[in-house]
Amino acid sequence: MGGFATAPLAVAVTRAGGLGYIGAVFDLDELSTQLTKASQALTRLDNGLLPIGVGLLPFVLSNPEAVMALLERFKPAAVWLFAAKELSDYAHWTQKIRSATPGSQVWIQLGSVTAALEVAEQCSPDVLCIQGIDAGGHGFEKGAGIISLLPEVADALAGAGHSGIQLVAAGGISDGRSAAAAFALGAQGVVMGTRFLSATETQVHPAYRQAVLAARDGGQTTTRAKLFDELRGPNIWPGAYDGRSLVTESFTDYAAGVGIEEIRRLHAEALSAKDGGFGEGGRGRATIWAGTGVGLVREEQQAGQIMEEVRAKVIEVLEKVRASL
Ligand SMILES: Cc1cc2nc3c(=O)[nH]c(=O)nc-3n(C[C@H](O)[C@H](O)[C@H](O)COP(=O)(O)O)c2cc1C
């Protein structure tokens, strides 16, 4: 979660037995600062890798060489790629990462069977993150929920001789029940974004976090749209992407036919308010990226508590299901 997942969250998730990620956006100095903090907090693995991942958005990174220099210096255990302009760009990025930091895993987040097959063929990533349409934040305009997507991707990869690629599921997984379901679908791991917006270690405006904690019925109170990337000016995201946010006043205006220039003006005005534009009870104009699982995110917790709670529930649920068969 670029800008939200900084060193404190990544370190806490890793300490709790997961793989914490630092999400980068444009600012490589900031990424270097966060990686330095994580390096100071964590012991390196026996193979010299730093036990966290780094999330990159290739389409915004204009200086790949500078990114590679950072990866070579800090050697994160994993590098996550999402939102390349073209699927074929991933091969180029994978190659560069593997030569900068040979031990690091390459994780690529995709949202279709076709993309998974193409990227598996061209890049042989260590892990594919299969993102379904319930996911919060940016994702694919055309998609499916992981309940059908993940098993179809698994079958297609196995059929094409790529069963060595690990699959992790993303999108709508907010508690141990949905995590258990993802394991039942064939995932080897799960990604949680929205749930960690409640973590005390996540860098998020208090009004944003309050809106997430207050939201219920995520299928009604969140929506996918390209509008969220139009609010600060023309959309720079590649065409296949949109994003899921809480339904904000900006979206309500858009749905009612208000012109984009007026929506942008009101949005810019709202951002300078004390609540950051996130509004009371989430009725603001600023985007609040969150997935459909937001209704299950109910209290502020430490990341380690979230990890423990989810892990214990997965075991409980799977044992209960097994016993009932
Ligand atoms: C606030 C927020 C920011 C996100 N930012 C990124 C990002 O910078 N890069 C990325 O690959 N995915 C990003 N995502 C999407 C996640 O990778 C993941 O697919 C998603 O959170 C999973 O669905 P969930 O939110 O329902 O758990 C973001 C998600 C959220 C909620």
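Modeller: Let us start with buried area, the accessible area (1.4 Å probe) that two parts lose on being put together, summed over both. Here domain 1 and domain 2 bury about 1,900 Å² between them, and 58% of that area is on carbon and sulfur atoms. Within the area that domain 1 buries against domain 2, His138, Glu141 and Leu197 supply 31%, more than any other three residues. This is a predicted model, in which local features need pLDDT of at least 70 and side-chain atom pairs count only at pLDDT 80 or more, while totals for chains, interfaces and linings use all residues. Residues are numbered from 1 along each chain as its sequence is written, and side-chain values use heavy atoms, with hydrogens and water left out.

Biologist: Which residues does each domain cover?

Modeller: Domain bounds come from an automatic or database domain assignment. In this chain, domain 1 is 7-202 and domain 2 is 206-294. Their C-alpha centres lie 25 Å apart.

Biologist: How many residues of each domain are in contact?

Modeller: Contact means heavy atoms within 4.5 Å. By that rule, 26 residues of domain 1 touch 22 residues of domain 2.

Biologist: What is the count of salt bridges between domain 1 and domain 2?

Modeller: A salt bridge is a side-chain nitrogen of Lys or Arg within 4 Å of a carboxyl oxygen of Asp or Glu. The count between the two domains is 1. Glu141 forms a salt bridge with Lys226, with 3.9 Å between the closest N and O atoms.
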